[in-house]
Structures are given as structure tokens and as C-alpha cells.
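Subject: Structure for you to look at

Hello,

Here is the structure I said I would pass on. Please open it alongside this message, and my notes come after it.

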Amino acid sequence: MQWEFSLSSLFFGLLITGVGACLVIFYRQVADNFLHGVQDYDKTKLAGIIAIILGFLVMANLHYLILYNILVNVFPGLK
């Protein structure tokens, strides 16, 4: 599998990273309004950090490589 740059992956990754950053910045408002309040503050920040990491992976177009390696290990006939 060969890595190649994709402009659409870059913009989609930026979008995911932006949403994750907003989730980390406004975690109190999100947890108070959409979740169960104070008990979900840490979970909301963790979800935002995971979204930021996922956004960076999508921006660098590495998510295909990771998914391909997982699928080849689970289903060896896909090579």
C-alpha cells in the first residue's frame, strides 16, 4: 500500500481537529447541556482529545494505513 497526499483528507482532518478543539475548550458547556453535568467533564475532555488525535491521523492520511494493517492481520487473504 502506497501513501499519497489527499486534499480532501486534509480538510476533513482539519474539520475533525477543529471540532475536537472546540470540545476541549467548551467542555463545561457541552457536558452541562448535552450530558449529565459535572460527572462527565473528564469524559468530555477525553473525547475531545481523542477527536484531535483522530483529526491529525486523517490530516496526514494515516488512517488508511492503520485500517489496512488491522484488516490484513484479521483477514490474511486480503493481501
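Predicted model: local features only at pLDDT ≥ 70, side-chain atom pairs only at ≥ 80, totals over all residues.

Helix α1

Helix α1 runs over residues 7-25. The buried residues in α1 are Ser-9, Gly-13, Ile-16, Thr-17 and Gly-20. These five cover an arc of only 100° around the axis, so they sit on the same side of α1. An α-helix has 3.6 residues a turn, so residues three or four places apart point the same way. The other side of α1 has the exposed residues Ser-8, Phe-11, Leu-15, Val-19 and Ile-25. As for partners, the buried residues of α1 pack against α3 and α4 (63-74).

Helix α3

Helix α3 covers residues 41-59. Its 19 residues should span 27 Å at 1.5 Å a residue, and the distance between its end C-alpha atoms, 27 Å, agrees. Buried in α3 are Tyr-41, Thr-44, Gly-48, Ala-51, Gly-55, Val-58 and Met-59. Viewed down the axis of α3, these buried residues fall within an arc of 110°, so they line one face of the helix. Asp-42 and Lys-43 are exposed, on the face of α3 turned away from the buried side. The cover over the buried residues of α3 includes α1, α2 and α4.

How the helices pack

Two packed helices are described by the angle between their axes and the distance between the axes. For α1 and α3, the angle is about 165° and the axes are 7 Å apart. Angles over 145 degrees count as roughly antiparallel, and α1 and α3 are therefore roughly antiparallel to each other. Their crossing is left-handed. Residues making this contact include Gly-13, Thr-17 and Gly-20 of α1 and Gly-48, Ile-52 and Gly-55 of α3.

Helix α2 (residues 27-34) packs on α3 at an angle of about 120°, with the axes 9 Å apart. The two helices are therefore oblique to each other, and their crossing is right-handed. On the α2 side the residues are Tyr-27, Arg-28, Val-30, Ala-31 and Asp-32, which meet Tyr-41, Thr-44 and Lys-45 in α3.

Two threonines

Thr-17, in α1, has a relative accessible area of 13% and is buried. Leaving out residues up to four places away in sequence, Thr-17 touches Ile-52, Gly-55, Phe-56 and Met-59.

Thr-44, in α3, is buried at 3% relative accessibility. Apart from neighbours within four places in sequence, Thr-44 is in contact with Leu-23, Tyr-27, Val-30, Ala-31 and Leu-35.

Most residues other than glycine have a negative phi. Asn-61 lies in the loop between α3 and α4, and is buried with a relative accessible area of 7%.

Regards

Terms used. Residues numbered from 1 in each chain as written. Heavy atoms only, no water. Helix = DSSP H or I, 4+ residues; strand = E, 2+ residues; numbered from the N terminus. Buried < 20%, exposed > 50% of the residue type's maximum accessible area, 1.4 Å probe, protein only. Contact = heavy atoms within 4.5 Å. Arc of directions from axis to C-beta. Axes fitted to C-alpha atoms, helices over the stretch in contact; angles between N-to-C directions. Parallel < 35°, antiparallel > 145°, perpendicular 65-115°, else oblique. Left-handed = near helix turned anticlockwise from the far one by under 90°. Expected span 1.5 Å × (residues − 1).
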